[in-house]
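Hi,

Here is the structure I said I would pass on. Have a look at it first, and then read on for my notes.

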Amino acid sequence: MFHYANLSDFEFELLCRDIMERKIGCPLRCFAPGRDGGVDITETKLSGKHMVQVKHYIDSPYPTLLSSLKKELPKVRQKQPQHYYICCGKKLTACNISEIYQLFSDYMDDAEAVVDLMEIDRFLHKKENADILERHYKLWLESTSVLERLGNQDIAIDCDAFFYRIEKEQKLFVKTKYYEEGRKLLEKEHMLMLLGDPGVGKTMLTKMLALAFAAEGYRIRYTTNGELADLKRALSADRERKELIVLDDCLGQHYFKMQETKENELLALVKYIMRNPAKLLIMNSRVTIFHEAKERSCDFRYFMEDENIKIRKIEMNGLDEEEKGRIFYNHLYFAEIPEEYYRNVSKDRCYRAIVRHVNYTPRLIEFVTKKKNYEQAAPDHYAAFIMDCLENPRELWKDEFTRKLGPEDRALLLTLYSLTDTSVEEPVLVAAFLKRLSSLEGMDTTRNLYDEALRRLTDSMVQMIEQNGRKRIGVCNPSINDFLKNYIRENPMEQANMPAYATEYVQLERICPGCVEELVRNGRIYQYHFRMLEAKRGKILGVICDNSIRDMCHMEFVQAFLEEPGSCYTNKGDRSEEILFALLQKKMDVFYHTRAKLNQETLEDFLMERGLWEYQTIAREAKKTGGEWLFTKYRKSFVRGLQNAVETYARDVDQSDYYDGYNVNTAIEESTFYNGEALECDFSSVALEWEEYIREDIYNEIMGIVNKFPVEIAAQIVYDPGDADISTSLIESYLEDWTKPDDYNDDPGRLVPGGNETAGDGGMLDVIFRGKR
């Protein structure tokens, strides 16, 4: 049996309407209560032919249901319907059904007019009614058992944080036009970007779409805040394996923070999805950050607007009135708001003003329906409390943070924000929190202040998540991060104190990046923990080289790098080659003795790990820093390394990267002929022609880099255009896909416009908020 408890009473009524429409064979409508009362569903307000009474009562005993139905009898007598039906959310015995039928027998054809939960369930399990089940998302989702199997790594990979509390959240979900549009676009174009203001429901919609495709056999892979490293490599090598990649807040929570290397990674991922129809991609981002990214990055703007790439976009700032009303009602219903609070929202139809408020967002509705928050207001002032929150949304967390939290609670939240926008492993948070407390006066060190603060904040402002068997801590709501960001920005003392509070380098980078150079200069930078050695090298050595810092406090670190050079990650990507040549300059060598610390075997290991495009950087940096002497001293090492880079590039080249350089329409037009019956394209001849183009382009790229090196190195590099691993069958598949008709009648990359016109009289809102039955 389907899990009907996941439906609110209004959603159950809509389900009954759809079922009875098919049973009766005529369109039905739901109505708000009027002076006649007693009617939930009928053809029109005035019609007396078919009337349906819906009783949810899923958790109520039968006598309660019967008592309620007896109260309906006078209203039914007044209406005198030709055909009266009762739908209820309870399993009824044959005696129960007979008793109800006898009560309304003058208006019912037979006992089958009493439709109980067993009959509803039988109806929905019939194949011919699958479309009705599909429309009611929660029932359909439960039937797939996806929620029960989320822990299975064959379904969701690294998604613990993403699907945290999903069983509770999915009850709140409303199937809006954005869900329907998003699913349609993913099925057709395979890629989707959801855009919207903070709190409009981007992440919730992303989750629901992901679950829908998981139910169809897709494996889900997830990352947040632009963390794309290793994601593509982690995807299945099986081109037929159905996978959905979710990039949550892919451009950052506060500002466009995607590094240049990540732009390239995102573009590579997009192209990979385009070539593999079994893969899907969902991205979401705040709309302001998306537009900032387009302004600041030409490459990003190009591939987001390229008609050939077809990344469809849905802007979610236009929920219509009914959708907003259903979201609000679902939150009230499943939060089990006390009846006296609900009556205050219903009184004088206050829900209309709430739903129509310009600052309405699902996130604010979630806030005002949490017990800890709504209990701040008396029941008869609940609607006023909600309106006040809508009028002053930025004050919500300010009042909580400044007036209701103790100093250790505030310290924990600020420490958490300094470490992450998403979540952090608990040991890292504990260490940073205790370091901060050691700087505060008057703290009672005999108590476990961390556990106490975490217990007070859990489920109100922070949440604990189990991921791969390890506990992680994050904020409950992204708007808390928004508040903390502004709080710190307006608090110079907090920024100034961060070097004293911090244990992790990331805290400096997030809160006071301007202090990093000074900390490197005085050597205090080494007291902070870096999550990866590659990042530590990149951050510290990058500052040393960019500012030609020569100080004994860095001697050991610099020499250790030269004895075992490796990747050096910075905000600009991997700067290993730049840093190596900068350190080998004469002025740095005089102080750090860098050239003496570098030996041929170590250098050759480093060079063998470099890719072809990194050799272009090597040639550039050698010229810029006067490092050409390395080519002479270590010529054999550079020859071996460059030859390896050339061979690896030719073997692993992604041929689709070259397709954009050729005119597909012209190539197909020139190879299309009439075969006597219809037009036919000779795809194989085009593919062979393109294969030669690609081989030539690869050869020119390789030799363009090789020839940047001295002739004694370049002349020893061997490469034949035939060495490139190019598949004509893949080219043919690409061309055939290109010529397939596009039955999606819309412009590529359009933004879905705002919501439908709202009902001027609020009639649908009155139906939704008719009362918790």
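Leaving aside its neighbours within four places in sequence, which residues is Arg-575 in contact with? The partners are Gly-542, Asp-546, Cys-568 and Thr-570, where contact means heavy atoms within 4.5 Å. Arg-575 sits in the loop between β16 (573–574) and α30 (576–583). Helices here are DSSP runs of H or I with at least four residues, strands are runs of E with at least two, and both are numbered from the N terminus. Arg-575 is buried, at a relative accessible area of 11%; buried means under 20% relative accessible area, exposed over 50% and partly exposed in between, with a 1.4 Å probe and protein chains only.

Before the rest, two housekeeping points. This is a predicted model, so local features need pLDDT of at least 70 and side-chain atom pairs count only at pLDDT 80 or more, while totals for chains, interfaces and linings use all residues. Residues are numbered from 1 along each chain as its sequence is written, and side-chain values use heavy atoms, with hydrogens and water left out.

Now the overall picture. The chain has 41 helices and 18 strands, and its C-alpha atoms fill a box of roughly 105 × 95 × 40 Å along the principal axes. Of the 773 residues, 53% are buried. Among contacts in the chain with a separation of 6 or more, 76% are between residues 24 or more positions apart.

On to the cores. A nonpolar core is a set of buried Ala, Val, Leu, Ile, Met, Phe, Trp, Tyr and Cys residues joined through side-chain atoms within 4.5 Å. The largest one has 227 residues, and Phe-328 and Leu-508 have the most contacts inside it. Helix α38 (residues 683–706) gives this core its largest share, 10 residues. Apart from this core lies another, of 24 residues, including Met-191, Leu-251, Ile-273 and Ile-311. Back to Phe-328: beyond four places in sequence, its contacts are Val-345, Tyr-351, Ile-354, Val-355, Tyr-360, Ile-365, Ile-386 and Phe-769.

Two helix pairs are worth a look. The axes of α21 (residues 407–419) and α24 (residues 478–489) come within 10 Å and cross at roughly 95°. Axes are lines fitted to C-alpha atoms, for helices over the stretch in contact, and angles run from 0 to 180 degrees between N-to-C directions. The two helices are therefore roughly perpendicular, a label for angles of 65 to 115 degrees (under 35 is roughly parallel, over 145 roughly antiparallel, and the rest oblique). On the α21 side the contact uses Leu-413, Leu-414 and Tyr-417, and on the α24 side Asn-481, Leu-484, Lys-485, Tyr-487 and Ile-488. By class that comes to 6 nonpolar, 1 polar and 1 charged; Ala, Val, Leu, Ile, Met, Phe, Trp, Tyr, Cys and Pro count as nonpolar, Asp, Glu, Lys and Arg as charged, and the others, Gly among them, as polar.

The other pair is α34 (residues 612–625) with α36 (residues 635–652), whose axes come within 8 Å and cross at roughly 145°. Here Leu-612, Trp-613, Tyr-615 and Ile-618 of α34 meet Phe-638, Gly-641, Leu-642, Ala-645, Val-646 and Tyr-649 of α36. This contact has 9 nonpolar residues, 1 polar and no charged ones.

Lys-175, in the loop between α7 (166–172) and α8 (177–189), is buried at 18%. Its side chain reaches the backbone oxygen of Glu-134 at 2.7 Å and that of Arg-135 at 3.3 Å. Not counting residues up to four places away in sequence, Lys-175 touches those two along with His-136, Tyr-137 and Glu-180.

Val-200 lies in the loop between β7 (191–196) and α9 (202–214) and is buried, with 11% relative accessibility. Outside four places in sequence, Val-200 is in contact with Met-316, Asn-317, Leu-319 and Pro-362.

Lastly, some backbone angles. Gln-80, in the loop between α2 (62–79) and β4 (83–88), has phi near 55°, a positive value in a residue other than glycine. Gln-80 is partly exposed, at 49%. Ser-548 also has a positive phi, near 50°, and is found in the loop between α28 (533–546) and α29 (555–563). At 21% relative accessibility, Ser-548 counts as partly exposed.

Cheers

Definitions and conventions
A polar contact is a pair of N or O atoms within 3.5 Å; within protein, one must be able to donate a hydrogen and the other to accept it, and residues adjacent in sequence count only if both atoms are side-chain atoms.
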